[in-house]
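Hi,

Here is the structure I promised to pass on.

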Amino acid sequence: MLSFLLACAGVDEPAPDSVSTDEDRPVAADPCIVRTWFADQDDDGYGAGDGVDTCQRPAGHVGNALDCDDADAFISPGALEECDGIDNDCNGQVDGDDAYGADWWYPDLDQDDFGDPDWGELRCPIDGWVEREGDCDDGDPSISPDAVEVLDSIDQDCDGVADDGLRYGSGVDGSFTISSDQELPGLSCEPVVFLDDAGLQVEDTAAFSVGDRLLLVEQQARVGDSATVGQLDWLTVGVIEEGLVVPLDPPVALYGVSADVHRLALYRVPQLTDLTVEEGVTVTASPWDGACGGVLPVLATGVIALDGDLDMTSAGFSGGPPNTTWESTGVAGESWSGRGTAGNAANGGGGGGGGIGASACPDCESSGGGGGFGLDAADGQRSDPAWGDGGQGGVEYGNITLDELNLGSGGGAGALDIDTEGGVGGGGGAGGGAILIQAPAVLAVGALTVDGEAGEVACAGTEDWCFSGYDSEAGSGGGGSGGTIWIDTELLVVTALHARGGDGGDGGDGSISAGGDGAVGRIRVQAGTVNGADVDSDAGQDALNGACVPDPGRVERPAD
């Protein structure tokens, strides 16, 4: 029946057992594969944007959307990251540590062009960071590897050594051999008129040159303004202008600035290679004159060999002058507070004058007090309380740790009675000056001496009356105090370091009374070895105590 129907429909029925093949069928077209294509406007092979879905890649399109800036052909995942503030390689990081031009950079908080080595990073440049490391104090712009070393126990140039090349000076003044008594060559002193950020104003700059080492010391201040007395700084001259000395670095210590209240002295310190003082020779420096002097400082890069002596006895503050005014109280000695006036009270460290509180003294027989410094000084004697008191002894002053440089104070002058009894009240002795030496080796066979001067003995009006039994009722002067010795060295050979107070003037015959003795000064020693023994050993301490009067108040190794 089926065959019949097909035949009727006009359809050829295939022969039984016939097989059809692919060649017999029509060929179909390739199927369409739809992809998303992204515009590549900068033609760098990386696209961006929302994309277009199509089987065929449109012109100017690529099959990725990795470009983070399709307007710049130099920005793409295949680009080189550079230090330019742009994410060149589209990795989401701007100027990473793999960027071309990246290096180690260090934070520079104090803006001295050197960074803190502990906080370095591999990175591109950034404001506030620098390529140079090595700053040992990134909070102080005056401290860096490029800074100028200043003699203040601080490592300004960050080389691990404080004061290197400066503690002992530069040696620019060469070697001195001194064979006759004289003042130390190359040493000078100028009073400072005013001090501010611009520099130090002085009356005469002729003694100073660029590169000089200067010692600045405040020697005196008015009562009530004395907190800065004794402070000091080591400075190096950078510029000299009309009446102005400009140091490379400003002073560190605090000072009073007005010359009418504060006396600041600026010492030009010789910078030697070696110093030799021959046997039997005494070297000194100008004494304090009310404005400058009184200090003998010296720096040497080699050896200071003292077969002779350094002597600043009585080179400190002056004693009260001899009293030639009838019926008067003696003048007090000079001290850190300035010159004394007639009166019984101590003038700070200066001994008071013999007599009574007021200058008028109808019955004057008492003597001046001693000058004080390292200790309180002795009062002057009196022959009878009804005839006036002895001058008060000057008081102790200065920093007991010996970080300051002070001069010794003068003793007070004796009183003088009525003209019919004749006589002269003895003047007070001057205080000792200061010696400050710094060198790798100090071989002191001779003595270093800063003793106070003895007070003068009161005397009758003619030579025959002096100590002849005549009953002159003048008073003697008090002794001045010792001054300061400061030694900084690696190797010390020492025989005698003396900072003794001067004796008060003798009482003598009749009613003459004795002046008060001056107090001792102070001695500071910084050394590695003393007479061949370690400074910290018992032998080293014994060597110093045997050589020093008084015992040194500060003994330690020198600063690094």
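First, the ground rules. This is a predicted model, so local features need pLDDT of at least 70 and side-chain atom pairs count only at pLDDT 80 or more, while totals for chains, interfaces and linings use all residues. Residues are numbered from 1 along each chain as its sequence is written, and side-chain values use heavy atoms, with hydrogens and water left out.

Let's start with the charged pairs. Side chains of opposite charge can pair when their charged atoms come close. Searching the whole structure turns up 15 salt bridges, where a salt bridge is a side-chain nitrogen of Lys or Arg within 4 Å of a carboxyl oxygen of Asp or Glu.

One of them joins R554 and D403, at 2.7 Å from N to O. R554 sits in strand β29 (residues 554-556) and D403 in the loop between β20 (309-311) and β21 (434-438), so this pair ties together parts that are 151 residues apart in sequence. (Helices, H or I with at least four residues, and strands, E with at least two, are DSSP runs numbered from the N terminus.) D403 is partly exposed, with a relative accessible area of 40%; on this scale buried means under 20%, exposed over 50% and partly exposed in between, using a 1.4 Å probe and protein chains only. The pair also belongs to a network of salt bridges that links D403, R524, R554 and E556.

R557 is worth a look too. Its side chain meets D534 in a salt bridge at 2.2 Å, N to O. D534 is in strand β27 (residues 533-534) and R557 in the segment after β29, so the two connect parts 23 residues apart in sequence. R557 also forms a salt bridge with D536, at 3.3 Å from N to O. D536 lies in the loop between β27 and α2 (538-547), so here the parts tied together are 21 residues apart in sequence.

Finally, the second largest pocket holds about 170 Å³ of space. Of its 13 lining residues, L187, S188, C189, S286 and G293 are the closest to the centre. A pocket here is an open set of points on a 1 Å grid over the protein atoms alone, where a 1.4 Å probe fits, with protein on both sides within 12 Å along at least five of seven lines; lining residues have an atom within 4 Å of a point.

Cheers

Key:
Points joined across faces, edges and corners; volume = space filled by probe spheres on them.
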